[in-house]
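Q: Can we go through this model together? Start with the terms, then the sheet.

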Amino acid sequence: MLHLSKRLRAALTVLLAMATLLCPAELLPRLGDGLDSIRQRDFLQVATRNGPITFYQGGHGPTGFEYELVRRFAHSLGVSLAVKNDSRINDVLDDVRQGEADLGAAALTLDQRRSGLRYSQPILTLQPLVVYRRGLPPVRSLDDLLNLRIGVIAGSGNAAALRAQQQNLPGLGWREADDLAIADLLEMVERDDLDAAVVYTHQFKLNRLFFPNVERGFTLGKPLTLVWAFSASQPLALQQAANRFIAAQRRSGDLDELIGRYFGHDDYLEYVGARLFIRHVRNRLPRFVPYFKEAARDTGFDWRLLAALGYQESHWKPDATSPTGVRGLMMLTRPTADEIGIDNRLDPRQSVDGGARYLRHVRDRLDASIPEPDRTWMALAAYNVGLGHLFDARDIAAQRGGDPDRWLDVREALPLLQQREWYSQANHGYARGGEPVIYVRNVRRYYEILKYVNRSQQQFDQLGQRTLDSDTMTPLEIVTPLM
């Protein structure tokens, strides 16, 4: 039997060799070696774009929906994650085709017309949406787009959606560029360089607060699917592993939780209202006043400023917990709590003490040339978005001829970190820079109400308008109508 087994093994070896000679190489299964090479080098190389749905530096490190998901995928493979941040969608796809990246995760949509690529199973539904400038006649249908200046990111699913509609409406034309960010498009609509743009619905939800003159129009075409891209010339193992991972994330509910965290709410920066605030001042604040005053004595801040910060963070809820893992009345991250020696983030006294000391730590790291109260306003902005992005905004303020030591000028520079023209030059990359502007404005407003609580709350009814200022518009290629 042993002799027969050897003969069988030899015959099988010959048959396999013959099959290899007769069968084209691209038709042979290549499972396993793809994952082996990734594990040998001990990292997964991902190509992406800087942006709110993909990858950017947040106040507490790298973040973004696709970054979080692909980081989990790398962890499931037992390797670390390396990110290559490209500026254009086509650059991402070329990196994948040429083997310079293992996969592309850059808000890519399924498009079988692209050569040399394979795709993962669907991750997220993307719905193209037409938005337009407030003051124009309502834009509710395709016909309303005729003769409007429409903008879109070249190579995106939104651009493909426009091309599909052009077959039904040959008179439809638009403008596009491949190095735009979503904030760039909305900025152009806001300042009348464009009449309308096509973005995804969730992108509009994430950005709408920063562009009050941009209105929601109508959904364009059928929903698209967000996918990861893989090289068609590489082994199937990585694509198959990604599909298993995505399916497992969906079954466990982790994918839905991640989607909800990044896209589920678009009103988290909305101002609650002075009337509700005053009610909380009467009902919630008294319990925590001793803690704020104690922390104020230790750090030198006005206790009412610390209370205003606490309200912005948690509405004075000591057990508050966000989906991103920050907790407590001052909403501290675990690394921050560990750094400043806080054992229990849900203990309101510890939380107030920790938040106050962290704010002082941030303020102390700012240049000594920054006077008060600008220094405190910048410290609050850094508490929200991170010191690195604040330093970038100060650099931008100086480049634009402003004073980096004045909050007024830095406040105007922060939203520019959402525009590729500026964040591509910044040391810390993309940031949702409009958020700290609203954050500081809210804290200052609550602070003023606390100081002058007996005055009429009518003087605090308006938040003020975001000032937009950009002298350079990204050149757009004109896509002409078919007729």
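Predicted model: local features only at pLDDT ≥ 70, side-chain atom pairs only at ≥ 80, totals over all residues.

A: Two strands pair if DSSP finds at least two bridges between them; strands (E, at least two residues) and helices (H or I, at least four) are DSSP runs, numbered from the N terminus.

Q: What order do the six strands of the open sheet take?
A: The order is β12-β8-β11-β9-β10-β14, with mixed pairing. Residues are numbered from 1 along each chain as its sequence is written, and side-chain values use heavy atoms, leaving out hydrogens and water.

Q: Which strands stand at the edges?
A: β12 (214–219) and β14 (477–479); each has a single partner strand, so one side of each lacks a neighbour in the sheet.

Q: How do β9 and β10 pair?
A: β9 (residues 150–153) and β10 (residues 174–177) are parallel over three bridges. I153 is opposite A177 in β10.

Q: What does helix α5 touch on the sheet?
A: Helix α5 (residues 157–166) touches β8 (128–133), β9, β10, β11 (196–200) and β14. Contact means heavy atoms within 4.5 Å.

Q: Switching topic, what is the average pLDDT?
A: The protein averages 84, and 84% of the residues score at least 70. Over residues 265–272 the pLDDT is below 50, yet that stretch has 21 contacts beyond near neighbours in sequence.

Methods: pLDDT = per-residue confidence, 0-100. Axes fitted to C-alpha atoms, helices over the stretch in contact; angles between N-to-C directions.
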